[in-house]
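Colleague: Could you take me through this model in terms of its overall dimensions, its packing and its aromatic pairs?

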Amino acid sequence: MDKPLLEVLLDFWQSTGIANVFATPDSWKNLIMILVACVLLYLGIKRKFEPLLLVPIAFGMLLTNLPGAGMFHEELFAGGHVHWDGFTEAAGLVDYLYLGVKLGIYPPLIFLGVGAMTDFGPLLANPKSLLLGAAAQLGIFAAFFLALGIFGFDPAEAGAIGIIGGADGPTAIFCASKLAPHLLGPIAVAAYSYMALIPVIQPPIMRALTTKKERVIKMTQLRTVSKTEKIIFPIVVTIVTALLLPSAATLVGMLMLGNLFKECLVTDRLSDTAQNALMNIVTILLGVSVGATATGSSFLNVSTIGIIALGLLAFMFSTAGGVLLGKLMCKLTGGKVNPLIGAAGVSAVPMAARVAQKVGQEEDPSNFLLMHAMGPNVAGVIGSAIAAGVFLSLFG
């Protein structure tokens, strides 16, 4: 027998998101997260803070917190495991997209695209830049020990949080998905938010740790790097990394494969695909699925506040570590190294290098530090991936 019209309308009303706004005691948290998502969308669209990443992340956050949408179900990934049986009953679109994060597929593909867009020439022309890239990973280990000793996180969680200091979103997501999947949302949002704020966070630290005399140092032009060197480099780095730290081979290997596509000059189509189509597609899928993990119940808690605070400290320590080693190298070389390039050792390519260039030109408009800063900058990409490999090896 057909239902009465009134009952049909009542069923329809109860199925709407409006009727489910306060369906659970924690519904108010979802409303707050919707507001947060809108703020992030504003920052990405209006303020242009990392829009290619912040917009899909914020929209994923919006989708997962809309009442009744059913696009992402945390219970399918409870306990850090994929509960495959549940996919036959209640899985939503984002649940399937999130598998690319959970199974560790998206971040390495992002690294493939980053490698295809990266020129390691400045690093090869000045190998000492590798030391600056390593020094700028100080924030990773500082945040790790702070998270472990003061904030009470366990070693795996502390390692996932520490990677925020590398200023490398895909690495932070990859590490968090393996070590602390329940913290993936806050870690991803913190990592990409602070990456977007590098032009705000870094300059005051750079000026505080250097003198005007150091900031106006002009560095000599870098030597020309041969094509043979550029082809051999990714192959050698992959072999050495895989032999010394196998857990880092996934990220470093894909980074170097992308770079080999770019430099060998016989795979132009593959290089173009990795840089453009593949990179854009994976960025969309990664952003939406990671944003969807930021549900009200998982995001609005004391742990999130700790992660946000530790992320900021990690960025500050990383910047300081690079600049301080730059000052030491300046003294050891008799004033031939501008310490500002050390701040570019975080792996936000090329934003951190541009910040070093900008701060240097504020003191002397004729000073061009960009290419010198790119050396530590690309070294930081390798450094953060290796640091993640260390944590995965120890706690994974």
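This is a predicted model: local features need pLDDT of at least 70, side-chain atom pairs count only at pLDDT 80 or more; totals for chains, interfaces and linings use all residues.

Modeller: Residues are numbered from 1 along each chain as its sequence is written, and side-chain values use heavy atoms, with hydrogens and water left out.

Colleague: How many helices and strands are there in the protein?

Modeller: Helices (H or I, at least four residues) and strands (E, at least two) are DSSP runs, numbered from the N terminus. On that basis the protein has 21 helices and zero strands.

Colleague: What radius of gyration does the protein have?

Modeller: The radius is taken over C-alpha atoms, and the globule rule is 2.2 Å times the number of residues to the power 0.38. For 396 residues the rule puts a compact globule near 21 Å, and the protein agrees with this at 23 Å.

Colleague: What share of the residues of the protein count as buried?

Modeller: Buried means under 20% relative accessible area, exposed over 50% and partly exposed in between (1.4 Å probe, protein chains only). Among the 396 residues, the buried share is 53%.

Colleague: How many residues of H5 are buried?

Modeller: Helix H5 covers residues 106–117 and spans 17 Å from its first C-alpha to its last, close to the expected 16 Å; the expected span is 1.5 Å times one less than the number of residues. Its buried residues include Tyr106, Ile110, Phe111 and Leu112. H5 is mostly covered, and of its twelve residues the number buried is nine.

Colleague: Which helices do the buried residues of H5 pack against?

Modeller: Contact means heavy atoms within 4.5 Å. The buried residues of H5 pack against H4, H10 (169–179), H15 (249–263), H16 (268–275), H17 (277–291) and H21 (370–395).

Colleague: Which residues does serine 271 touch?

Modeller: Serine 271 lies in helix H16. With 6% relative accessibility, serine 271 counts as buried. Setting aside residues up to four places away in sequence, serine 271 touches Ala116, Phe261 and Lys262.

Colleague: Is valine 323 buried or exposed, and which residues is it in contact with?

Modeller: Valine 323 belongs to helix H19 (residues 302–332). Its relative accessibility is 0%, so valine 323 counts as buried. Apart from neighbours within four places in sequence, valine 323 is in contact with Met206, Leu209, Thr210, Pro339, Gly342 and Ala343.

Colleague: How many aromatic pairs does the structure hold?

Modeller: Rings of Phe, Tyr and Trp (its six-membered ring) pair if their centres lie within 6.5 Å; planes under 30 degrees apart count as stacked, over 60 as edge-to-face and the rest as tilted. The number of aromatic pairs in the structure is 13.

Colleague: Why is the pair of phenylalanine 77 and phenylalanine 87 classed as it is?

Modeller: The ring centres of phenylalanine 77 and phenylalanine 87 are 5.9 Å apart. Because their planes stand at 85°, the pair is edge-to-face.

Colleague: Where do phenylalanine 77 and phenylalanine 87 lie?

Modeller: The two residues are ten residues apart, and both phenylalanine 77 and phenylalanine 87 are buried. Each lies in the loop between helix H3 (51–65) and helix H4 (93–102).

Colleague: Is phenylalanine 145 buried or exposed?

Modeller: Phenylalanine 144 and phenylalanine 145 form an edge-to-face pair, 5.0 Å centre to centre with 70° between the planes. Phenylalanine 144 is buried, at a relative accessible area of 7%. Phenylalanine 145 has 55% relative accessibility and therefore counts as exposed.
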